[in-house]
Amino acid sequence: MSVNQQAHAGPPYGQPQPGYQGYQQPAYGGQSLPGVPQSQYGAYNGPMPGYQQPVPPQGYFPSLGFPSKGSPVSLNSDTSSLAPNFIGSLRAPPTSGAPPPASGASHPSGHLAYSQFEHGDVQNGIPASAAPMQRPPAPQPFLPGSAPTPVSQISTFQQYGPPPGSVQQLRNHMAGMTIGGTAASAPPPAGLGYGAPRPPAMPGPPLPGQTVPAPPSSQPNHVSSPPPPPPPSTMAGLHPGPPMSGLHGPPPPTHPPQPGYQMQQNGSFGQMRGPQPNYGGAYPGAPNYGSPPGPPPPPKRLDPDSIPSPQLNELPPQQKPRHRIDPDAIPSPIQVIEDDRNNRGSEPFVTGVRGQVPPLVTTNFLVKDQGNASPRYIRCTSYNIPCTSDMAKQSQVPLAAVIKPLAALPPEETLPYLVDHGESGPVRCNRCKAYMCPFMQFIEGGRRFQCCFCSCVTEVPPHYFQHLDHTGKRVDYYDRPELSLGSYEFLATVDYCKNNKFPSPPAFIFMIDVSYNAVKSGLVRLICEELKSLLDYLPREGNMEESAIRVGFVTYNKVLHFYNVKSSLAQPQMMVVSDVADMFVPLLDGFLVNVNESRTVIASLLDQIPEMFADTRETETVFAPVIQAGLEALKAAECAGKLFIFHTSLPIAEAPGKLKNRDDRKLINTDKEKTLFQPQTSFYNNLAKDCVAQGCCVDLFLFPNQYLDVATLGVVPYQTGGSIYKYAYFQLETDQYRFLNDLRRDVQKEVGFDAVMRVRTSTGIRATDFFGAFYMSNTTDVEMAGLDCDKTITVEFKHDDKLSEDSGALLQCALLYTSCAGQRRLRIHNLSLNCCTQLADLYRNCETDTLINYLAKYAYRGVLSSPVKTVRDALINQCAQILACYRKNCASPSSAGQLILPECMKLLPVYLNCVLKSDVLQPGPEATTDDRAYIRQLVTSMDVAETNVFFYPRLLPLTKADVDSDSLPAAIRNSEERLSKGDIYLLENGLNIFVWVGVSVQQSLIQNLFGVSSFSQISNALSTLPVLENPFSKKVRSIVDMLQGQRSRYMKLIIVKQEDKLEMLFKHFLVEDKSLSGGASYVDFLCHMHKEIRQLLS
């Protein structure tokens, strides 16, 4: 991927520096070299001469090489005879006019249109072929008009039309290939609709002389065991010699930059990939070589003609080769994550330099605040933004920041300091009201300051005056957090409070559904038992003895029951409100109480509730009146607070906000699909507005056994800044642990109430669009009844004037909120960005993970108003434009057959494909309407780390874990061909943890992990791993606990046995493969993106 490096006086870019073999050291803090971009890797230029290549299996095409940092992904077809839409080396596609295979084997009747684009011609499996491969000496002559000869093929994979008879023919064959379209004569294969019966399991290998019908075209390929290693003789131009080290970075480039592109360094990768840290060599079982690398060879472009392939006339007729793109030759998320960890995980990230791109969210690093907010609080899509709106439009890179104002910090980092300026309050700019920050310029000996946002000059209040030193800095610069740090808090004065009076401490109200379903499932008893102990862990300020939060209790079915738990009572009293159409709170005194004072009465109530409703026959519930009751109680108490509502069914009882069942899967893929995501009544929007005005935040715990309209019930939690938790088909024995963990964390986590956030920017850009769980009554203020430490607000910026490279651009996020002790505070985060007049600088400073977070949220909001297909096409088009603009303006000239991606965006296609295949934009057969609405709301307030693992799950080989170390096993790519049936894998995506067990796993491992003696005895019903006293069991459980600790929700553990019915669900998360719902594989999608880019460029 082209890195556009600038020349500088130090050692050549990419030369090994002392300390790292083959990596350039990053410059931290103030020591960054001028003109050196923040990219630390040299270009990988293909295999080392003298690296002993392993032997390819028969019929296997050696991989095309792995793009290291600093090289283009070259799917190169740099030959004059290739068609313009030929992309890299692919297998020949089936052509509609080709004669059928001689053996009569069937193949799918057509391709799905793109949007479910799959094409049979690129398979992620390994082609089945048995003869050793040599490269043809020259292209065979081509006779115009000659049709490919029919051949019979023996293959455990799908069967296609016959491959062409020669290399030249192969090219012509590909010339007619379209990736997005369908052949006019081919109807789509039957049985791929949503909710259709799932295809049968993959058949085993054929017996000798037997041909096999093709499996359904959406079936992912299954490669159960790794192929043997390859012979050196098949590699073009490589000589045996000292083996290359398995751990060093890529060799440094020695070739000069391309003519006319002084700062460009466009290395490409060679034909055989070097060992990658996460794959243990090309195949499991490859020896781990240990000597130093030799000198680098000249750079190679990836050319289909140079890929070794067998002499066509030497092969038996059924084993003609199919060219394909090697999955190892395309950018690997695992590799990028690993490189970033190795290069940036060891040094602290010092925030003193403007426009520094932080390490990836997957890297563990420490942050030292020296004037810019930590990336834990703010991450941007680009840290170098275009100076003009024309340039921004040309690149199509969205300028956005993902802000997490109350983010939790690791224990080694300091929480923001609280600054108290007394009754005068924080110092602000007179004109734009920005708060004092490190970028303000003091002038006239310190008597005035010039605002860095609007340039207005403001008098310094006498109490705040301080002299300047010889550099123009105040002498108390380091004593004041607001002058030296990127993030800090101010104590707010009474002017910042509602009705000009300080707020009371907030209240928590627990509202429990006691209808038949909730009681029968054991849920009511479980909640009451848990609350007895949980109430001792309400959030409190740092050194307070006890929490200031008061609590109240309500139960409900068709009517509401309020409880008086005043400390002076011997027994709690119940009051019933049956007029749900006009909700009021029947008691003021005794409803909201201090936990310690009323402890015995509360305990008595929580014992009595399950008994009182044990014999209930009431199945209907209300919902809106429950929220209204909580809102009225908080209004009466004149405080903000949070409602914890535990709810089980669609509210069909006669009451305001009553809903009907409108679930209809037939709307999927129609123009009316958007109605499934919209609330069915505006009643809840108005209720949410009232809740926000009072500071009443709603957290909703749902336990549905059928459709309950999350799209509508979620409106109030969503607009008040609350959370939704969903436990479908809740069962006490399997789900209680997960629910209780979520409830404990939800009750205990830091939360700000009655919050208002505003983002100010320096002249030239302004905040224009906002995404997240909040309410907006005007165009600038984001209002949230509650904001917790997990929620993010995503802000998009647009130009309203020119920016200058010298002054850069500034953002200031100010959050006004009430702490859980009732203190009114302002939290301020500042960030400075660079500005550029060259597109190359923009593309060199982007952050793909943040970009994907923004694009997903943008798309997920789009489905409310547009057909899903329109949203998907817009996403693909925008990304194609981003990459085409780079190709046109920043990459050095090269053949159109090469796909060249910017270094820091090389994962954009794979991650974008994951967003397109997600259940919201392309639902799988098992995704319900409620699931889709739930995911849509969840993703909208996720941070960058959560969307990263949600869209591209983490897949760990547990059997490779070192039981003696604390580290995780190296992750592998999300594809079925990476799985071995002799191993156990763990896949996590932030909501679920799957443990996949292969059919051939050693019995001792099964015994150690599950405590049973054979594969068939492993139970799918386990919700936690059994606690067994052996090193493997301890290690796996510690990995699971560690992953659970990193996520904001407790993940559901699902045991999946290979070839079991649950495997379909597991395969849905192997995002590099084709999906059952018609989503493309990564290889196919990369080809499609290449085609889109080429269309834009031509």
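Mentor: A salt bridge here is a side-chain nitrogen of Lys or Arg within 4 Å of a carboxyl oxygen of Asp or Glu. This is a predicted model, in which local features need pLDDT of at least 70 and side-chain atom pairs count only at pLDDT 80 or more, while totals for chains, interfaces and linings use all residues. Residues are numbered from 1 along each chain as its sequence is written, and side-chain values use heavy atoms, with hydrogens and water left out.

Trainee: Which residues are linked in a network of salt bridges?
Mentor: The network links Arg745, Asp746, Lys749, Asp788, Asp790 and Lys791. Within it, Asp790 and Lys749 meet through their side chains at 3.1 Å, N to O. That pair links distant parts of the chain, 41 residues apart, with Asp790 in the loop between strand S20 (782-788) and strand S21 (793-799), and Lys749 in the loop between helix H12 (732-748) and strand S18 (751-761). Helices (H or I, at least four residues) and strands (E, at least two) are DSSP runs, numbered from the N terminus.

Trainee: Are Asp790 and Lys749 buried or exposed?
Mentor: Both Asp790 and Lys749 are buried, where buried means under 20% relative accessible area, exposed over 50%, and partly exposed in between, using a 1.4 Å probe and protein chains only.

Trainee: And how many salt bridges does the count come to?
Mentor: The count comes to 47 salt bridges. One of them joins Arg599 to Asp536, with the closest N and O atoms 2.7 Å apart. This pair too links distant parts of the chain, since Arg599 is in helix H7 (residues 599-612) and Asp536 is in the loop between helix H6 (523-534) and strand S12 (550-556), 63 residues apart. Arg599 is partly exposed, with a relative accessible area of 34%, and Asp536 is partly exposed at 35%.

Trainee: What about Glu796 and Lys798, how do their side chains meet?
Mentor: They form a salt bridge at 3.3 Å, N to O. Glu796 counts as buried because its relative accessibility is 8%, whereas Lys798, at 40%, counts as partly exposed.

Trainee: Switching topic, which residues have the most contacts inside the largest nonpolar core?
Mentor: Those are Phe562, Ile645 and Leu921, in a core of 141 residues. Helix H15 (residues 868-889) gives the most to this core, with 11 residues. A nonpolar core is a set of buried Ala, Val, Leu, Ile, Met, Phe, Trp, Tyr and Cys residues joined through side-chain atoms within 4.5 Å.

Trainee: What does Leu921 touch?
Mentor: Not counting residues up to four places away in sequence, Leu921 touches Ala859, Tyr860, Val863, Val868, Val871, Arg872, Leu875, Val915 and Leu916, contact meaning heavy atoms within 4.5 Å.

Trainee: How many bridges join S8 to S9?
Mentor: There are 3 bridges between strand S8 (residues 448-450) and S9, which run antiparallel, and strands pair if DSSP finds at least two bridges between them. Phe449 stands opposite Thr458 in S9.

Trainee: Last one, how many disulfides does the structure hold?
Mentor: It holds 0 disulfides, a disulfide being a pair of cysteine sulfur atoms within 2.5 Å. Cys691, for instance, is in no disulfide, and the nearest cysteine sulfur, that of Cys696, is 4.1 Å away. Cys691 counts as buried, at 0% relative accessibility.
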